[in-house]
Amino acid sequence: MLSRFGRWDKELEFIDGLLEADVRNNSAWSHRYFVLEKTADLRSADCVNQEVEYARGHILLAPNNVSPWNYIRGLVEPIGFTQFPQAREEKKTI
């Protein structure tokens, strides 16, 4: 329905609430990526960097949770980890 009617304006806010309730909610992480694919330029280093920082903030809450790590990998791999050293450095600590 979101794609059909273009009603994306509240989705990230909704997802923030889901992740606040349960940072391990893999479906919420997947949905966040899906929404950003439709609404943002995921080839933009600025956009990806903002999302990496968002995920890193959630990693601090549950460092062994694979969901935000996978989210970061999905964002960064297409562009290259060399542009986002904070994603690689953080990953080494776990």
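Before listing any neighbours, I settled what counts: contact means heavy atoms within 4.5 Å. I also kept in mind that this is a predicted model.

**Entry: one residue to begin with.** I picked Glu 51, which is in helix α4. What does Glu 51 touch, leaving aside its neighbours within four places in sequence? I found Arg 32, Leu 36, Tyr 71 and Leu 75. Is Glu 51 buried or exposed? Its relative accessible area is 5%, and the cut-off for buried is under 20%, so Glu 51 counts as buried. I then checked its side chain and found a polar contact of 2.7 Å with the side chain of Arg 32.

**Entry: α3 against α4.** Next I looked at helix α3, residues 26-39, beside helix α4, residues 45-59. Their axes lie 13 Å apart, and the packing angle is about 170 degrees. Angles over 145 degrees count as roughly antiparallel, so that is the label for α3 and α4. From α3, the contact uses Trp 29, Arg 32 and Leu 36; from α4 it uses Glu 51, Tyr 54, Ala 55 and His 58. I sorted these residues by type and got four nonpolar, one polar and two charged.

**Entry: α4 against α5.** Then I turned to helix α5, which covers residues 66-76. By type, the contact has ten nonpolar residues, no polar ones and two charged.

**Entry: more on α5.** I listed the buried residues of α5: Ser 67, Pro 68, Trp 69, Tyr 71, Ile 72, Leu 75 and Val 76. At the start of α5, I saw a side-chain oxygen of Asn 65 reach to within 3.2 Å of the backbone nitrogen of Ser 67.

**Entry: a look at α2.** Last, I checked Phe 14, which belongs to helix α2, residues 11-21. Phe 14 is partly exposed, with a relative accessible area of 48%. I also took its distance to Arg 32, which is 18 residues away along the chain. Their C-alpha atoms are separated by 9.6 Å.

Note on methods: Residues numbered from 1 in each chain as written. Predicted model: local features only at pLDDT ≥ 70, side-chain atom pairs only at ≥ 80, totals over all residues. Heavy atoms only, no water. Axes fitted to C-alpha atoms, helices over the stretch in contact; angles between N-to-C directions. Helix = DSSP H or I, 4+ residues; strand = E, 2+ residues; numbered from the N terminus. Parallel < 35°, antiparallel > 145°, perpendicular 65-115°, else oblique. Nonpolar A, V, L, I, M, F, W, Y, C, P; charged D, E, K, R; others polar. Buried < 20%, exposed > 50% of the residue type's maximum accessible area, 1.4 Å probe, protein only. Polar contact = N/O pair within 3.5 Å; in protein donor to acceptor, adjacent residues only side chain to side chain.
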